[in-house]
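Welcome, and please open the model in your viewer with a selection tool at hand. We will go from stop to stop, with something to select at each one.

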Amino acid sequence: MAKKNFKELFDPRESKWGGINLPMFLCALIVVAIVVYVPFGLDKEGNPGSFLRPNFLIMFSALAVFGLLFGEIGDRIPFWNDYIGGGTILVFFMAAVFGTYNLVPENFMKAVNVFYGKQPVNFLEMFIPALIVGSVLTVDRKTLIKSISGYIPLIVIGVIGASIGGIAVGLIFGKNPIDIMMNYVLPIMGGGTGAGAVPMSEMWSSKTGRPASEWFAFAISILSIANVFAILCGALLKKLGEAKPSLTGNGELIIDNSKEAIKDKEVEVKPELTDTTAAFILTGVLFMVSHILGELWESLNIGFDLHRLVFLILLTMFLNIANIVPDRIKAGAKRMQTFFSKHTIWILMAAVGFTTDVKEIINAAAPSNILIALAIVLGAVGLIMLVARKMKFHPVEAAITAGLCMANRGGAGDVAVLGAADRMELMSFAQISSRIGGAMMLVLGSVLFSFFAS
């Protein structure tokens, strides 16, 4: 894949700004600036007003333009894009700077809080279910069934190793083990940003009653640090495999004499628009059922809460394994997931960033946190390599997929880790780590937040 460069952004013939060419994008940027910054009239309280009408469409578009501006730039900064998180993380950081230092008017901040807030109808309530259903439903059914008995236990071992490593180093710095689990292990091993840290922040918020951005600010910072270590560790594992051939399958994960490997089958049906619509409706219905189950669970007073997203994960896994959903709707779900994960993630990151205090992000880069993040990554890798051969996996490939592909920032992190390790053929297992492993961490997060979040 060709590297993105800055020159193409300023070519008026190129359509690199979210599919928009430079002249059109500059016009959009000017319109958004007028709506956000130019005073006009008085509001209901007699204060200076503006052209900003805080409805869904206007806020969606305003945040999209902000996201495209910094997202496209962030995807072209070499080291930043390769190791830190590219445009997604730059959008988040820049929005946090704008919000923290009052670089946007107060009425705009209020509108962002409505768009990404605690109101019953907000963008987050649509984004997260679409990602979960699209991710879990489109994992190849046979792969999912086989992985439950073999590969998923390996992921669990990696999480245990990550927890041991994080807690051990955390104790040196006087941190509580529960704090390490909730605020370090969960976001790092949670399957990335969109399908991991974002829904976890919603779970934390629903339990504590505080803004989701409060937990997310630290989570995304510590995840970004761990993502760098995961990529570097992938390169080191490649070198280890070259130095110790007995530890690697040279791209083969499973020690299998029959040579029957698990393949990840992408949904081959090309979806129509009606299939994507059907998948979106199915997502809404499943979310309703999940909400009902969550309310019923809470009424039983069992002793710990299970967030409605946990039931959504379990329901979607059941539908996939039972092979109930037609392939066309699965293809529509994949298209729906792609739309939200690739084309609206910058919008969400902008909204989250505007509600985040940048000082919290800076505090997260303390030496103690960097060492804890490193210990979590190495803990996952180390324990997996110790047990991999007994579980019929090659140690290097097992550590890369079940360890590093859990400890990175999701899909883009998988590509970076596998690229650094020269093991792109392991993408199917990396996807199981990010999707199913990430879903497992959401379940764990729901339980931990239920008992310990306050």
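**Stop 1: confidence.** This is a predicted model, so colour the chain by pLDDT before anything else. The chain average is 85, and 93% of the residues score at least 70. Now select helix α17 (residues 367-387), where confidence is highest in the chain at a mean of 96. For the other end of the range, go to helix α7 (residues 141-149), which has the lowest mean, 74. Then pick residues 257-267: pLDDT stays under 50 there, and the model has 21 contacts beyond four places in sequence for this stretch. Where pLDDT is low, the predicted coordinates should not be read in detail.

**Stop 2: the second largest pocket.** The volume of this pocket is about 520 Å³. To centre your view, select Asp 43, Pro 48, Gly 49, Asn 107 and Lys 110, which are the closest to the pocket centre among its 20 lining residues. Next, show α1 (22-37), β1 (39-42), β2 (48-50) and α5 (106-115), the elements that each give two or more residues to the lining. Which of them gives the most? That is α5, with four residues. If you colour the lining by class, you will find 11 nonpolar, four polar and five charged residues.

**Stop 3: aromatic rings.** The model holds 25 aromatic pairs. Start with Phe 66 and Phe 70: their ring centres are 5.0 Å apart and their planes meet at 55 degrees, so this pair is tilted. Both residues sit in helix α2 (residues 56-74), four residues apart, or about one turn of the helix. Are they buried or exposed? Phe 66 and Phe 70 are both buried.

Now select Phe 108 and Phe 354, an edge-to-face pair with 5.3 Å from centre to centre and 80 degrees between the planes. This pair joins distant parts of the chain, with Phe 108 in helix α5 and Phe 354 in helix α15 (residues 345-354), 246 residues apart. Phe 108 and Phe 354 are buried too.

To see a cluster, show Phe 56, Phe 60, Phe 115, Phe 123, Phe 127, Phe 280, Phe 339 and Phe 340, which ring pairs link together.

**Stop 4: Thr 276.** Finish in helix α12 (residues 273-299), where Thr 276 is found. Why does Thr 276 count as buried? Its relative accessibility is 15%, and buried means under 20%.

Technical notes
Residues numbered from 1 in each chain as written. Predicted model: local features only at pLDDT ≥ 70, side-chain atom pairs only at ≥ 80, totals over all residues. Heavy atoms only, no water. Buried < 20%, exposed > 50% of the residue type's maximum accessible area, 1.4 Å probe, protein only. pLDDT = per-residue confidence, 0-100. Contact = heavy atoms within 4.5 Å. 1 Å grid on protein atoms, 1.4 Å probe; cavity = no way out; pocket = protein on both sides within 12 Å on 5 of 7 lines; lining within 4 Å. Points joined across faces, edges and corners; volume = space filled by probe spheres on them. Nonpolar A, V, L, I, M, F, W, Y, C, P; charged D, E, K, R; others polar. Phe/Tyr/Trp six-rings, centres within 6.5 Å; stacked < 30°, edge-to-face > 60°.
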